[in-house]
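Here is a short briefing to read alongside the structure. Take a look at the model first, then follow the contacts through the points below.

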Amino acid sequence: MSDHCREALDKLYAYLDRELDDVSVDVIRLHLDDCPPCGRAYGFEERLLVAIRSGLREDVPEVVIERIRTAFRTEIR
């Protein structure tokens, strides 16, 4: 895994939550477009986020979301 991949994946959740500045968004978007493994990771996380937000009537505890993220990061690396 390259440094660019690590940086993109480390910032993926902030990217999905729209918490990054415009320059960071552009850098990550370009990387996701050019790197199929990272693009797949993004697609999975985006679908997971949409499912969690739309499929549940109550809030998911942050600890559950963090466990899922940790498991996914471990699997990618």
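## Side-chain contacts and a helix check

Arg6 and Asp3 are joined by a salt bridge, with 3.3 Å between the closest N and O atoms. Please keep in mind that this is a predicted model.

**Salt bridges**

- An α-helix has 3.6 residues a turn, so residues three or four places apart point the same way.
- Asp3 counts as exposed because its relative accessibility is 61%, while Arg6, at 36%, counts as partly exposed.
- Another salt bridge brings together the side chains of Lys11 and Glu7, at 3.3 Å from N to O.
- Lys11 has 29% relative accessibility and so counts as partly exposed; Glu7 is partly exposed too, with a relative accessible area of 37%.
- Asp33 and Arg29 also meet through their side chains in a salt bridge, here at 2.9 Å from N to O.
- Asp33 and Arg29 are about one helical turn apart, because four residues separate their positions in helix 3 (residues 22–34).
- With 52% relative accessibility, Asp33 counts as exposed, as the cut-off is over 50%; Arg29, at 29%, counts as partly exposed.

**Around Tyr42**

- The count of aromatic pairs comes to one.
- That pair is Tyr15 with Tyr42, in an edge-to-face arrangement with 5.7 Å centre to centre and 75° between the planes.
- It links distant parts of the chain, since Tyr15 is in helix 2 (residues 12–16) and Tyr42 is in helix 4, 27 residues apart.
- Tyr15 and Tyr42 are both buried.
- Arg29, the salt-bridge partner of Asp33, also lies over the face of Tyr42, 5.2 Å from the ring centre.

**A charge over Tyr13**

- Arg69 places its charged end over the ring of Tyr13, at 4.2 Å from the ring's centre.

**Helix 4**

- How far apart are the end C-alpha atoms of helix 4 (residues 36–55)? They are 27 Å apart, which agrees with the 28 Å that its 20 residues should span at 1.5 Å a residue.
- Besides Tyr42, the buried residues of helix 4 include Cys38, Ala41, Gly43 and Glu45.
- Leu49 and Ile52 are also among the buried residues of this helix.

Methods
Residues are numbered from 1 along each chain as its sequence is written. This is a predicted model: local features need pLDDT of at least 70, side-chain atom pairs count only at pLDDT 80 or more; totals for chains, interfaces and linings use all residues. Side-chain values use heavy atoms; hydrogens and water are left out. Helices (H or I, at least four residues) and strands (E, at least two) are DSSP runs, numbered from the N terminus. The expected span of a helix is 1.5 Å times one less than its number of residues. Buried means under 20% relative accessible area, exposed over 50%, partly exposed in between (1.4 Å probe, protein chains only). A salt bridge is a side-chain nitrogen of Lys or Arg within 4 Å of a carboxyl oxygen of Asp or Glu. Rings of Phe, Tyr and Trp (its six-membered ring) pair if their centres lie within 6.5 Å; planes under 30 degrees apart count as stacked, over 60 as edge-to-face and the rest as tilted. A charge sits over a ring if NZ of Lys or CZ of Arg is within 6 Å of the ring centre and within 35 degrees of the ring normal.
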